[in-house]
Structures are given as C-alpha cells and as structure tokens.
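Here is a short briefing to read beside the coordinates. Points are grouped by topic.

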Amino acid sequence: LHQQPRALFACMPGEQHDIMLMLLSLEVGLEGVSALYLGCDTPVEAVRQAAAAAGSRAVALSATLALPQETEWVEWKHNNDHPEMIAERLSALANSAALHGRDSGYMIWGVEDGTKKVLGTTFRPRRTKKGNEELENWLMRSLHPQVSFRIHEWTHQGVPVVLFEIPRASHTPVRFGSEEFIRIGTGIRGAGTPVARKDPRGRSP
C-alpha cells in the first residue's frame, strides 16, 4: 500500500507558544501529509526518537511564536459567538487573504489575543443556531458568493479550541449582506465605513 509522507511538528524545550505550529500541522494534514504533532516544550531527544520511530521525512521545530499579534488573515477570539460578527469576519478574512496572497484566512476561538494563552472556549459552532437555523447553514447562506469554510474542533492542552478555515476570495469579493468587509491590521471595515478597532481593554467589537 502507498504510504503517506510523514512530517513531525514540535516546539523546542521551553517553548510554550505552539498555536501557530498546530495550525501548520493541521494545514499540512489537509494536504494529504501524515502529520505527527508533539506539542509544546518537547525535549530534543524525544523529537529525535519520535522522528526515527515514525520514519518522518520532515521535522518542523518552533522556537518562537510565528505571529506576535493578529494579522489581516488571522483573528483570535475567546468566546464571542455572535452570528453577525462571525459572518462579517468570514467576509473580511476571505477578502484579506486574497489581497495578501494567502490561500486561507483563520478565525480561532479559545486563544487570548495579546498573550496567545490557550484558554479554551465555550463556543460550539455545530450546536449553535441563528434563530431556528444551524449556524453553519446560516453563514453559508448569508455569504455571497458562497464560502466553503471548514470548521475544526479539538482539545488542545486540555481545553476546547475551534478553528474556522476560510478559503480566500476568488474572482469577486465576499459579501455579507450588501457589504464587502476587509481587515486593516487588526481592525475590520465594510466598504465606505471606518475601521472598527478593539477597545483599549482588548475586546473585539
């Protein structure tokens, strides 16, 4: 039988910030590569032994957090699960990913912006509804053109984390309602509207 290529992902000893390495391993896995994720603060000898045992062809080590803050294509949330807010962000992340040459944008619940501490989240997208309609269906119906985003849910460091993977816009910007949203730095705006930024306490609007 044909065996998938293997890649191993781990943080160096003392490195506790592994959220971006985790995203990288997820994306590699979606491309058909068998990804082995060891997590944060991994002894070098443990990495060597795991790589040898798994027959890994590539090893990715993280010594620093790749993204010091939110970007135009990555946004962190803790528990904010307001449907309209999510729809605006999906539009903005899809459009901004296209503008910045990224294949996808990401919206991640369970991570504290600023510290990047993984706190976990109470958001359960597949159990959440907008009125009587499932949130996922409502979002798909509300975005034009339709966005085939993916929802990933898993437990990280013992707490639940949620990731929306949003493919970049193609051919035409993604709208929510009549607005095409976009991220400017860590803010978001619609066409002809001022940038909506976080308040001084770090809370998203």
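I182 touches A92, S96, L99, G187, I188 and R189, with residues up to four places away in sequence not counted. The model is predicted. I182 sits in strand 12, which covers residues 179–184.

**I182 and its surroundings**

- The relative accessible area of I182 is 19%, so this residue is buried. The cut-off for buried is under 20%.
- I182 and N95 are 87 residues apart in sequence. Their C-alpha atoms are 6.0 Å apart in space.
- Among the contacts of I182 is R189, a residue of strand 13 (residues 187–190).
- R189 has a relative accessible area of 37% and is therefore partly exposed.
- R189 also pairs up in space with E179: the C-alpha to C-alpha distance is 9.2 Å, at a sequence separation of 10 residues.

**Helix 3**

- Helix 3 runs over residues 83–99. It is mostly covered, with 13 of its 17 residues buried.
- Does its length match expectation, or depart from it? At 1.5 Å a residue, the 17 residues of helix 3 should span 24 Å, and the end C-alpha atoms are 24 Å apart, so the two agree.
- Just after helix 3 comes G101, with a positive phi of about 70°.

**Helix 3 against helix 4**

- Helix 4 covers residues 135–142. The axes of helix 3 and helix 4 come within 10 Å and cross at roughly 50°.
- Helix 3 and helix 4 are therefore oblique to each other.
- Their crossing is right-handed.
- Which residues make the contact? Helix 3 supplies P83, E84, I86, A87 and L90, while helix 4 supplies L135, W138 and L139.
- By class, the contact of helix 3 with helix 4 has 7 nonpolar residues, no polar ones and 1 charged.

**S104 in strand 5**

- S104 lies in strand 5, residues 104–109.
- Is S104 buried or exposed? With a relative accessible area of 12%, S104 is buried.
- Neighbours within four places in sequence aside, S104 is in contact with W73, A97, E165, I166, P167 and R168.

- H144 lies in strand 8, which spans residues 143–144.
- Its relative accessibility is 35%, so H144 counts as partly exposed.
- The peptide bond from H144 to P145 is cis. Omega is near -10°.
- P145 itself is in the loop between strand 8 and strand 9 (150–156).
- Which residues does H144 reach beyond its neighbours within four places in sequence? H144 is in contact with P173, V174 and R175.
- H144 and P173 are 29 residues apart along the chain, and their C-alpha atoms are separated by 8.3 Å.

**Two further histidines**

- Phi of H171 is near 75°, a positive value in a residue other than glycine.
- H171 has 88% relative accessibility and therefore counts as exposed.
- H156 is found in strand 9. At 5% relative accessibility, H156 counts as buried.

**The chain as a whole**

- How many helices and strands does the chain have? There are 4 helices and 13 strands.
- The chain has 205 residues, and buried residues make up 41% of them.
- Take the contacts between residues at least 6 apart in sequence: 70% of these join residues at least 24 apart.

Key:
Residues are numbered from 1 along each chain as its sequence is written. This is a predicted model: local features need pLDDT of at least 70, side-chain atom pairs count only at pLDDT 80 or more; totals for chains, interfaces and linings use all residues. Side-chain values use heavy atoms; hydrogens and water are left out. Axes are lines fitted to C-alpha atoms, for helices over the stretch in contact, and angles run from 0 to 180 degrees between N-to-C directions. Helices (H or I, at least four residues) and strands (E, at least two) are DSSP runs, numbered from the N terminus. Angles under 35 degrees count as roughly parallel, over 145 as roughly antiparallel, 65 to 115 as roughly perpendicular and the rest as oblique. A crossing is left-handed if the near helix is turned anticlockwise from the far one by less than a right angle, and right-handed if clockwise. Contact means heavy atoms within 4.5 Å. Ala, Val, Leu, Ile, Met, Phe, Trp, Tyr, Cys and Pro count as nonpolar, Asp, Glu, Lys and Arg as charged, and the others, Gly among them, as polar. The expected span of a helix is 1.5 Å times one less than its number of residues. Buried means under 20% relative accessible area, exposed over 50%, partly exposed in between (1.4 Å probe, protein chains only).
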